[in-house]
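I opened this notebook to keep track of what I looked up, residue by residue and then helix by helix.

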Amino acid sequence: MKQHYNRTLYACFTGYVVQAIVNNFAPLLFLTFQKSYGIPLTQITLLVTINFMLQLVIDLISISFVDRIGYRISAVIAHVCAAAGLISLTVLPEMTQEPFVGIMISVIIYAVGGGLLEVLVSPIVEACPTENKEKAMSLLHSFYCWGHVAVVLFSTVFFYIVGIQNWKVLALLWAIIPLLNSIAFAKVPIAPLIDEEETGLKIGELCKNKVFWIMMIFMVCAGASEQGVSQWASTFAEKGLSVSKTIGDLAGPMFFAIMMGSSRAIYGKFGDRIDLYKFMTLSCILCILSYLLTSLSPNPVLSLLGCGLCGLSVGIMWPGSFSIASASIPRGGTALFALLALAGDLGCSSGPTVVGFAASAFGDNLRNGILVGTVFPVLLLAGLYVKRKTSV
């Protein structure tokens, strides 16, 4: 029976690769959109905002319909939306009067898929009859990192060999992955998250649970700790290595993603021998040190190293928080996972925002901004201590 559920795990792993595609492919084309369609940078920036804001909305409203239509149908819809958004990206800009409108519609379509995947994939893995759920969860989240690396690396190589003017071909190639995975989700076994004789907790019941609020803080801090540095990794790479933006993107964000994926893969391999609380505590301490190294080091190369160490340290925070929450609130159901995803996404937006505002307050000094961002791993470390030492 467990062997049959291996197919479910593989489909979920691919689901996170799909999410990496929809989040990271279009940003590689922003300059191309600007040159080809004459779209100003302010509108280009809006594409990122709309993508993640819509995913936040999907996190919230999914609570009302996922349990009704089921995880299987929801997962298939998510993958179809992801594929449809990528495909429409190649045709809608020419079909609409304003190319930006066509691109925006495409982003909205695949953002629906990305938001649904974030809510669905983790609970599906949590429900699988695996021996060590923490290992499976960590390994699952590592595939987002590997997907991110693959999108950047493969796309960069494709553009170099074939030419960036053929980006539509690559968009169609990336769309094949969610299309095939939608077929997989239509067939793989999906275990119920909660026993049939039980019902999941409602939002009101969750809000009365002290552990729920601790876990929400965990997720906000996990997302903020991750994105507070990763958003600036390219800048440190460019300055530290004195290279072009293309090489900086490869050396910065890819370095961060590889280190983050490695951390998750390590726990995914050896998690049954490692205490999750201890691993997360050490990760928080390493994250604090990496923030300090990035912000206080006078050497830009050491700052870049700090970015990589940050990627290594934050890897377990998101999946680890999911695992602790699931074990602590066993009847949390879809509402729990959706709200945790919402909190994590809020952290992903608030982390870079706090760093940016702090940097502006110190005369556009990015190092000081990142130093202020150290508050997020410090809060997560304090939360871990409280959760471990109390009965809540």
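**F185 and its surroundings**

I began with F185, which touches A11, C12, R72, A75, V76, H79, I124 and I190, leaving aside residues up to four places away in sequence, where contact means heavy atoms within 4.5 Å. I noted that the model is predicted, that local features need pLDDT of at least 70 and side-chain atom pairs count only at pLDDT 80 or more, while totals for chains, interfaces and linings use all residues. Residues are numbered from 1 along each chain as its sequence is written, and side-chain values use heavy atoms, with hydrogens and water left out.

I placed F185 in helix 9 (residues 167-187); helices are DSSP runs of H or I with at least four residues, numbered from the N terminus. F185 has a relative accessible area of 0% and is therefore buried, a word that stands for under 20% relative accessible area with a 1.4 Å probe, protein chains only.

**S74**

I then turned to S74 in helix 5 (residues 71-88), which counts as buried because its relative accessibility is 0%. I found its side chain reaching the backbone oxygen of G70 at 2.8 Å, and I listed V66, I69, L116 and L120 as residues that S74 touches, again not counting those up to four places away in sequence.

**Helix 11 and helix 14**

Last, I looked up where helix 11 (residues 210-230) packs with helix 14 (residues 253-270), their axes 11 Å apart and at an angle of about 150°; axes are lines fitted to C-alpha atoms over the stretch in contact, and angles run from 0 to 180 degrees between N-to-C directions. I recorded that E226, V229 and S230 in helix 11 meet F256, M260 and R264 in helix 14.

Technical notes
Helix = DSSP H or I, 4+ residues; strand = E, 2+ residues; numbered from the N terminus. Buried < 20%, exposed > 50% of the residue type's maximum accessible area, 1.4 Å probe, protein only. Polar contact = N/O pair within 3.5 Å; in protein donor to acceptor, adjacent residues only side chain to side chain.
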